[in-house]
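Reader: I would like to go through the structure below by question and answer. Please begin with a term that will be needed.

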Amino acid sequence: MEATEEGRIRTGTLWTGTAHAFTAIVGSGILALPWSVARLGWILGPLVLVTFAIVTYYTSINFSDCYRTPDPVTGRKNHTCGDAVRTLLDPIEVLLSSILQYTILWGMIIGYTITTTISVA
């Protein structure tokens, strides 16, 4: 067994490291939210939460409006988000939207990988 700089002995295994990484990834949004709001303070914290709630509401309304296009009652069904994007945007806008989505996805992948690495270490 390996001792840390503080003299404590590490008793973790591959399974405990994997369980810790899984817990960190699943709980990162839930556990980080109260800490982040507390760090922002009593004024800015709730204001940020309300702002994110408004953004979530706005995007969910947009997604529900995109289910049938161009008419919300008799229009063609868009079964996927990609169908809705292709129906409503020009080809250049579809490309830019795809680039933006993949950039965000890769950023999240890198962030979670770094978080997992730090947690396992």
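Author: Contact means heavy atoms within 4.5 Å. The model is predicted, so local features need pLDDT of at least 70 and side-chain atom pairs count only at pLDDT 80 or more, while totals for chains, interfaces and linings use all residues. Residues are numbered from 1 along each chain as its sequence is written, and side-chain values use heavy atoms, with hydrogens and water left out.

Reader: Which residues is T69 in contact with, leaving aside its neighbours within four places in sequence?

Author: T69 is in strand 1, residues 68-69; helices (H or I, at least four residues) and strands (E, at least two) are DSSP runs numbered from the N terminus. With those neighbours set aside, the contacts of T69 are G75, R76, N78, T87 and L88.

Reader: Is T69 buried or exposed, and with which side chain does its own side chain make a polar contact?

Author: Buried means under 20% relative accessible area, exposed over 50%, and partly exposed in between (1.4 Å probe, protein chains only). T69 has 7%, so this residue is buried. A polar contact is a pair of N or O atoms within 3.5 Å; within protein, one must be able to donate a hydrogen and the other to accept it, and residues adjacent in sequence count only if both atoms are side-chain atoms. At 3.1 Å, the side-chain partner of T69 is N78.

Reader: In what pattern do the elements follow along the sequence?

Author: The protein has three helices and two strands. Read in sequence order, they give α-β-β-α-α.

Reader: Which element has the highest mean pLDDT?

Author: pLDDT is the predictor's confidence in each residue, from 0 to 100. Its mean over the protein is 80, with 85% of residues at 70 or more. Among the elements, the lowest mean, 79, belongs to helix 1 (residues 14-65), and the highest, 89, to helix 3.

Reader: What is the area of the nonpolar surface patch made by I92, L95, L96 and I99?

Author: Patches are made of residues with over 30% relative accessible area and no salt bridge, like charges being joined within 9 Å and nonpolar side chains (Val, Leu, Ile, Met, Phe, Trp, Tyr) within 5 Å. One member, L96, is found in helix 3 (residues 91-120) and is exposed at 52%. Areas come from the Shrake-Rupley method with a 1.4 Å probe, only the protein chains shown counting as cover for residues. For this patch the area is about 410 Å².

Reader: What percentage of the 121 residues is buried?

Author: The accessible surface of the protein is about 10100 Å², with 71% belonging to carbon and sulfur atoms. W35 in helix 1 is exposed at 56%. Buried residues make up 12%.

Conventions
Salt bridge = Lys/Arg side-chain N within 4 Å of Asp/Glu carboxyl O.
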